[in-house]
Amino acid sequence: MTLLPGSLRSALTALGEGQGRNALAARSRSITATYRARGNSREAVISNGDALAYAMARMPATYAAAQRALQALTEAAADFRPLSVLDVGCGPGTAGFAAAAAFPSVTDFTFSDRNGPFLALAEALAPAVLAGRNLHISPLELEAAETLPGADLVIASYVLAERPAAVQAKLVLALWQAAQGALVLVEPGTPDGFRRLAEARAALVALGGHIAAPCTHENLCPKSRTAADDWCRFFVRVQRSRDHRHLKGGDRPFEDEPFIYLAVMREPATARLSHRIVGRPNRTKACIKLPVCGGDGASAWSIASREKKLFKLFHKMEWGDAVLIPIQAPDVTDEV
């Protein structure tokens, strides 16, 4: 269960003081309706109040998704210590703030977006989160930009989904050209989100990129050849505060955010990643069954309880976790 960092929660709460909870909830519902009608951020968020309502409702989940993607990058490349970050289509700064937590080495951040209220909110939140690190705010219309400012780490979170399919490939190329060390893409965990990142993955591998996560290989994605209802995605569970539940109009104390991500590096990652768990583990007293994906394709592993070390290891692992060493054991069976 994840929760926004205390500094970010406190900053959002302070900005929301004096604004009625019902008014913020109404704005949040209106924004959600616009996005569901295939609108973009420029149509959904037109005022500072809209930006705040969006951030209070959505930032916990989108921050958690970016956090998980960046965590996977650090697991794959523990020696990657970027000094600069470019958050493209930054919204209220969500992914950039997650990068600040994931990489203490970063001293310079650039937040770029076409939405003025989002940029204003990101700038207002930054002092509480970036702790004196350098921030540059850059209004940017991605479709019109010929080039992007370079940075060691470039991240675009929930950005491709808002762009027409005709410009997505061009945008991925521009993001990659700007990434001097690594590029991280995060998208909704839907079939369309998976398709967008599968296409980006193939293009970036062709350009010489090295996949750091979630894939543990650079072979053809096995999921790209399977049925339409079998796509790769992950989930993060987000704890809801009382105000968050009110904004979302729900009673559950948590929500599950489905997402898909891709981390690509200029140089090969250093960790020895064997496979990644790509589905919910099925545990019984006798065995653990795990859907996994690796260089040998997608398969299912069954680990018998008599294999005590392996059983103990995999009993703690969840959907999305990486297997850091190759597994070689007679009672680990593969089933395509």
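The lining of the second largest pocket in this predicted model comprises ten nonpolar, three polar and nine charged residues. The space in this second largest pocket is about 590 Å³. Its lining is made up of 22 residues, and Arg-68, Phe-235, Val-236, Glu-318 and Trp-319 are the closest to the pocket centre. Helix 4, strand 7 (234-239) and strand 8 each give two or more residues to the lining of the second largest pocket.

The largest pocket holds about 1400 Å³ of space. It is lined by 48 residues. Closest to the centre of the largest pocket are Tyr-35, Tyr-54, Arg-58, Tyr-158 and Pro-188. Two or more lining residues come from each of helix 2 (21-36), helix 4 (48-76), helix 5 (94-102), helix 8 (191-206), helix 9 (242-248) and strand 8 (254-265). Helix 2 supplies the largest share of this lining, with six residues. By class, the lining of the largest pocket has 18 charged, 16 nonpolar and 14 polar residues.

A separate site concerns Ser-138. This residue belongs to strand 3, which spans residues 134-139. Ser-138 has a relative accessible area of 16% and is therefore buried, the cut-off being under 20%. Beyond its neighbours within four places in sequence, Ser-138 is in contact with Thr-110, Phe-111, Ser-112, Asp-113 and Leu-119.

Note on methods. Residues numbered from 1 in each chain as written. Predicted model: local features only at pLDDT ≥ 70, side-chain atom pairs only at ≥ 80, totals over all residues. Heavy atoms only, no water. 1 Å grid on protein atoms, 1.4 Å probe; cavity = no way out; pocket = protein on both sides within 12 Å on 5 of 7 lines; lining within 4 Å. Points joined across faces, edges and corners; volume = space filled by probe spheres on them. Helix = DSSP H or I, 4+ residues; strand = E, 2+ residues; numbered from the N terminus. Nonpolar A, V, L, I, M, F, W, Y, C, P; charged D, E, K, R; others polar. Buried < 20%, exposed > 50% of the residue type's maximum accessible area, 1.4 Å probe, protein only. Contact = heavy atoms within 4.5 Å.
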